[in-house]
Amino acid sequence: MGSMGPRRSLWLAVAASLLVGCSPVDGSGAAQGGISSPVAVEAAQATTVPSPDASSTQPATVSGPGPASTAAPTPLAAPAPLRQPFALNLYRDGDFVPQYTFDWCVAASIQMAHNLIDDTGGGTWADRAQQGELWEMARARSSDSFNGANPYGWAEVLTASGLGPYSVVSVADYNEALRAAARAIAETGRPVGLVMWSGRHAWVMSGFESLGDPSVFPDFQVTGVRVLDPLYPYGSGQWGPPPEPNSLLSPEQLATQFVVREPRRWSSSLPAGYLLVLPGPAS
């Protein structure tokens, strides 16, 4: 029994050294890193070490580790929206109106614009006598138009009829002209007038298809255009056959008849370009 004393003391010393070895300390004696057991933390908080001044009896308390700090996770960036196919079409059965004479394309286009816009059930504009009146109204508001109706008269009658506001714009770049027309339809819910055949004819653009939503992608790509040609089913020997009402034309197909306006056709301060009778925000 007496011989067990030194061996027991040696075992306690080894155990103590192992406990210290599992909890590394810095120069101040504070434990670092890892997750300590409650018993080890309590023992560390209760330990005292002699003051450097041998004559002082004040104990220096060794503090245990403070609460672990947790950094806030960095939020993930939202994924960029994908360009998906987009389509919008205002056309419904019965909206198409033919022009009753070879001169009245603007008046027929005004009637079709009303039909595309009106959703009150107030009746379709398709009467021949009304078409003649609209043509006279547009002609009276057109200057230097070779005794016909030009795009300014077209826009003014649309606005005066409560379908506007509409204005005439010239866009130098073809693809940008298509984007301007599609964007206006999407933003206003109203059709666009296309000045065709270098300023000699009127069509209505009632919808479009695109790669990308115009409200999300400013540089969306128009891939198809919905059109109404009031001259249908008659065509032109120079410009080709008319598309059927509500046809979806590719930009390449439309470009065979939607061309830059001929500056000599009618007097205007607008630069040469692709002419649109464009709806604007309601005031």
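Which residues of α3 are buried? The legends below give the answer for a predicted model, in which local features need pLDDT of at least 70, side-chain atom pairs count only at pLDDT 80 or more, and totals for chains, interfaces and linings use all residues. Residues are numbered from 1 along each chain as its sequence is written, and side-chain values use heavy atoms, with hydrogens and water left out.

**View 1. Helix α3 and its cover.** The buried residues of α3 are Cys105, Val106, Ala107, Ala108, Ser109, Ile110, Gln111, Met112, Ala113, His114, Asn115 and Leu116. That is 12 of the 13 residues of α3, a helix that is mostly covered. Buried means under 20% relative accessible area, exposed over 50%, and partly exposed in between (1.4 Å probe, protein chains only). Helices (H or I, at least four residues) and strands (E, at least two) are DSSP runs, numbered from the N terminus. The cover over the buried residues of α3 includes α4, α5, β6 and β7; contact means heavy atoms within 4.5 Å. From first to last C-alpha, α3 reaches 18 Å, close to the 18 Å expected at 1.5 Å a residue. The expected span is 1.5 Å times one less than the number of residues in the helix.

**View 2. Helix α4 against its neighbours.** Gln130, Gln131, Gly132, Leu134, Trp135 and Ala138 are the buried residues of α4, and they pack against α3 and α5. The 13 residues of α4 (residues 128-140) should span 18 Å at 1.5 Å a residue, and the 19 Å between its end C-alpha atoms agrees with this.

View 3. The whole structure holds 1 cavity of 30 Å³ or more. On a 1 Å grid over the protein atoms alone, a cavity is a set of points where a 1.4 Å probe fits but cannot get out, and lining residues have an atom within 4 Å of a point. Grid points are joined across faces, edges and corners, and a volume is the space filled by probe spheres set on the points. Two or more lining residues come from each of α3 (105-117), α5 (151-160) and β5 (192-196). By class, the lining has 7 nonpolar, 2 polar and no charged residues. Here Ala, Val, Leu, Ile, Met, Phe, Trp, Tyr, Cys and Pro count as nonpolar, Asp, Glu, Lys and Arg as charged, and the others, Gly among them, as polar.

**View 4. Pro151 in helix α5.** Pro151 is found in α5 and counts as buried at 5% relative accessibility. Pro151 and Leu275 are 124 residues apart in sequence, with 8.4 Å between their C-alpha atoms.

View 5. Trp197 lies in the loop between β5 and β6 (201-211). Although it is not a glycine, Trp197 has a positive phi of about 55 degrees. Ser198, in the loop between β5 and β6, also has a positive phi, near 60 degrees. Trp197 is buried at 10% relative accessibility, and Ser198 is buried with a relative accessible area of 9%.

**View 6. Two cis peptide bonds.** The bond from Gly164 to Pro165 is cis, with omega near 10 degrees; Pro165 sits in the loop between α5 and β4 (166-171). Tyr232 and Pro233 are also joined by a cis peptide bond, with omega about 10 degrees. Pro233 lies in the loop between β7 (221-228) and β8 (247-249).

Key. On a 1 Å grid over the protein atoms alone, a cavity is a set of points where a 1.4 Å probe fits but cannot get out, and a pocket is an open set with protein on both sides within 12 Å along at least five of seven lines; lining residues have an atom within 4 Å of a point.
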